[in-house]
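Please look over the sequence and the 3D structure shown here before reading on. The briefing that follows is grouped by topic.

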Amino acid sequence: MEQATFGAGCFWCVEAVFQNLNGVEKVVSGYTGGRIANPTYKEVCSGLTGHNEVAQITFDPAVISFEELLEVFWKTHDPTSLNRQGNDVGTQYRSGIYYHNDEQRRIAEEYKQKLNDAHAFEKPIVTEILPLKAFYPAEDYHQNYFNQNGNQPYCQFVVKPKVDKVRQVFGEKLKATAKS
């Protein structure tokens with residue numbers, strides 16, 4: 001098993017987007033990139049810690065590659081928006097790839113460059129690509145959030161459209177239990 005860590009706005013969205021993919025064993029919502037150890041959600045939401053809301057994905061590279069995870073990452077958020085995804089505004093919502101090894105760094109940088117060279121987005125990609133220094137799991141009530149709170153308005157209006165997009169665009173990559 002390998003791990004990938006991505007920030008793409010609210011971690012509830014990122015978690016929900018990746019957890020139904022074939023080859024993904026586990027997704028944990030958490031924080032990285034900040035100045036303090038073991039931050040709380042309230043501290044991260046203040047924007048003063050420097051932490052980003054992220055999802056750490058444990059995956060089987062024999063089933064789904066890091067490149068395939070990146071493809072889902074790029075297509076399920078706006079990587080050209082600095083410190084913002086939709087109505088979620090602040091440095092804690094920045095687009096980021098936090099690599100676990102040099103191979104992930106190389107692949108992420110090359111993929112980002114190809115997308116910029118091809119003008120895949122109207123604006124340049126602002127996604128940061130940095131080494132993962134520390135990962136702090138979020139509080140328990142943030143884990144598996146969409147599956148446990150799917151009827152809440154935020155989940156219906158923000159998370160569900162992203163999950164539906166993954167089902168539509170990446171249906172062949174979904175676990176059998178997620179295709180319905």
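## Briefing on the predicted model

The structure holds nine aromatic pairs, a pair being two rings of Phe, Tyr or Trp (for Trp, its six-membered ring) whose centres lie within 6.5 Å, with planes under 30 degrees apart counted as stacked, over 60 as edge-to-face and the rest as tilted. This is a predicted model, in which local features need pLDDT of at least 70 and side-chain atom pairs count only at pLDDT 80 or more, while totals for chains, interfaces and linings use all residues. Residues are numbered from 1 along each chain as its sequence is written, and side-chain values use heavy atoms, with hydrogens and water left out. Helices (H or I, at least four residues) and strands (E, at least two) are DSSP runs, numbered from the N terminus.

**Aromatic pairs**

- F11 and Y31 form a tilted pair, with 5.6 Å from centre to centre and 50 degrees between the planes.
- Because F11 lies in helix 1 and Y31 in strand 2, this pair ties together parts that are 20 residues apart in sequence.
- Both F11 and Y31 are buried, where buried means under 20% relative accessible area, exposed means over 50%, and partly exposed lies in between (1.4 Å probe, protein chains only).
- W12 and Y145 form a stacked pair, with 3.7 Å from centre to centre and 5 degrees between the planes.
- W12 belongs to helix 1 and Y145 to helix 5 (residues 145-149), so the pair ties together parts that are 133 residues apart in sequence.
- W12 is buried, as is Y145.
- Ring pairs also link F6, F18, F66, F73, W74 and Y111 into a cluster.

**The sheet and the helices on it**

- Six strands form an open sheet with mixed pairing, in the order 7-6-1-3-2-8; two strands pair if DSSP finds at least two bridges between them.
- Strand 7 (128-131) and strand 8 (136-137) stand at the edges with a single partner strand each, so one side of each is left without a neighbour in the sheet.
- Strand 2 (residues 24-32) pairs with strand 8 in the antiparallel sense over two bridges, and Y31 stands opposite Y136 in strand 8.
- Helix 1 (residues 11-18) lies across strand 1 (2-8), strand 2 and strand 3 (52-59), and runs at about 165 degrees to strand 2; axes are lines fitted to C-alpha atoms, for helices over the stretch in contact, and angles run from 0 to 180 degrees between N-to-C directions.
- Helix 4 (residues 102-117) packs on the sheet, where it touches strand 1, strand 6 (95-99) and strand 7, and its direction makes about 150 degrees with that of strand 6.
- Helix 1 is mostly covered, as eight of its eight residues are buried.

**Strand 1**

- Five of the seven residues of strand 1 are buried, so this strand is largely enclosed by the rest of the structure.
- Strand 1 pairs with strand 3 in the antiparallel sense over five bridges, and Q3 stands opposite T58 in strand 3.
- Strand 1 also pairs with strand 6 in the antiparallel sense, over four bridges, and here F6 stands opposite I97 in strand 6.

**Nonpolar cores**

- The largest nonpolar core has 30 residues, and those with the most contacts inside it are F6, F18, L21, L69, L70 and I97; such a core is a set of buried Ala, Val, Leu, Ile, Met, Phe, Trp, Tyr and Cys residues joined through side-chain atoms within 4.5 Å.
- Strand 1, helix 1, strand 2, strand 3, helix 3 (66-75), strand 6 and helix 4 each supply at least two residues of this core.
- Helix 3 gives the largest share of this core, six residues.
- Another core, of 15 residues, lies apart from it and has C10, C13, Y31 and C155 among its members.

**The surroundings of H51**

- H51 lies in the loop between helix 2 (41-45) and strand 3, and counts as buried because its relative accessibility is 1%.
- A polar atom of the H51 side chain lies 3.1 Å from the backbone nitrogen of G34, and the H51 side chain reaches the backbone oxygen of I36 at 2.7 Å.

Definitions and conventions
Contact means heavy atoms within 4.5 Å. A polar contact is a pair of N or O atoms within 3.5 Å; within protein, one must be able to donate a hydrogen and the other to accept it, and residues adjacent in sequence count only if both atoms are side-chain atoms.
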